[in-house]
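Subject: Structure for your study

Dear colleague,

Please find the structure below, followed by an account of what was found in it.

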Amino acid sequence: MLEAAFVFDYRGSVLFWHLPSARSSGALPDSRDLWDVLWENREWLGGVAHTHPWSGRSGPSGTDLTTFAACEKGLGKRLLWPIVTFDHVAIYQWHGSNKHDYRALPEELAGLLFDKEDIERLRDLSRGRMEKEND
Amino acid sequence: MTDEIMVMPEGMARLNITIEGMNGDVPDFISYDLSDGEIKTIASESVESGYVPGIEGVTDADFTDFVVDRFPATAGVAFNRLVLRPKTPFGTTLL
C-alpha cells in the first residue's frame with residue numbers, strides 16, 4: 001500500500017497525479033514539485049485529494065492539517081481537502097474557529113464533485129496496481 | 001544615463017517569499033547560511049512592514065509551516081536563492 005494524491009480544479013477535474021518516488025504507506029513527503037503545481041494552477045484550483053490506504057472512515061492527521069493551512073496561507077484562498085480510503089471519501093474544508101479547524105462536508109458531495117473513475121484510479125494507485133504518468 | 005549593475009556579495013542570497021497569493025523578493029540580500037528560523041523571522045518582519053515589492057497588506061505573516069528551499073548559484077543563475085514556500089507533506093499519523 002502507498003499513499004497517493006491528485007490535484008483537482010474547481011470542477012473536480014484532475015490536474016495532476018502526485019506519486020512521488022519517496023511515498024510510503026504512511027506518508028507523502030514534502031514536495032517542491034507539488035507546490036509548483038498548486039501555485040501555477042491557483043486561479044482555478046479546487047484542492048488536493050490524498051489517500052489513507054485502508055478501509056473505513058478516516059480524518060486528517062496533524063501533518064495533513066498543518067499542510068492544509070500552510071498551502072491556503074500561501075495561495076490566499078480556501079481549498080477542499082478530500083481524504084480517500086478504500087471505501088469512503090470525506091471532503092474536509094476549513095470551518096473557521098482557528099487555523100487548523102477543518103471539518104468534513106456532507107458525504108454525498110464527493111459523488112457530485114468527482115468522476116468515480118478518478119477516485120477508483122487513486123485507490124488503485126494506493127494499492128500499487130498501476131503507475132499513471134501525468135500527461 | 002548609465003545602467004546600474006548589482007553585484008551580490010559572496011555568501012549572500014536573494015530571498016523570495018510567497019504568501020496570501022502574492023510573491024516577491026526581499027530587496028536586501030541576506031546571508032545564504034542563515035537558519036530556517038532566522039529566515040522566517042526576516043520574512044515575517046519584511047512582509048508585515050510592507051517592505052517586499054509585490055506583497056501588500058499582510059498583517060499576519062506566520063511562516064510556521066513553511067519551508068525554505070535553497071538554490072545555490074549556477075552557471076545559469078548567478079546568485080544564491082532562498083525560496084520560502086508552504087510545506088506540502090501528508091501523513092496518516094492521526095491526532
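In what order do the elements of chain B run from the N terminus on? The order is β-β-β-α-β-β-β, which gives chain B one helix and six strands. Helices (H or I, at least four residues) and strands (E, at least two) are DSSP runs, numbered from the N terminus.

This is a predicted model, in which local features need pLDDT of at least 70 and side-chain atom pairs count only at pLDDT 80 or more, while totals for chains, interfaces and linings use all residues. Residues are numbered from 1 along each chain as its sequence is written, and chains are lettered from A and ligands numbered from 1 in the order in which they are written.

In chain B, 19 residues are in contact (C-beta atoms, placed from the backbone, within 7 Å) with 30 residues of chain A. The elements of chain B that give two or more residues to this side are β1 (12-19), β4 (66-71), β5 (80-86) and β6 (90-91). The largest share, three residues, comes from β4(B).

The two chains also meet through strands: β3 (residues 27-28) of chain A pairs with β6(B) in the antiparallel sense over two bridges. Strands pair if DSSP finds at least two bridges between them. Here A:L28 stands opposite B:F90.

One residue deserves a separate remark. B:E20, in the loop between β1 and β2 (22-25) of chain B, has a positive phi near 50°. Most residues other than glycine have a negative phi.

Yours sincerely

Conventions: Two residues are in contact if their C-beta atoms, placed from the backbone, lie within 7 Å.
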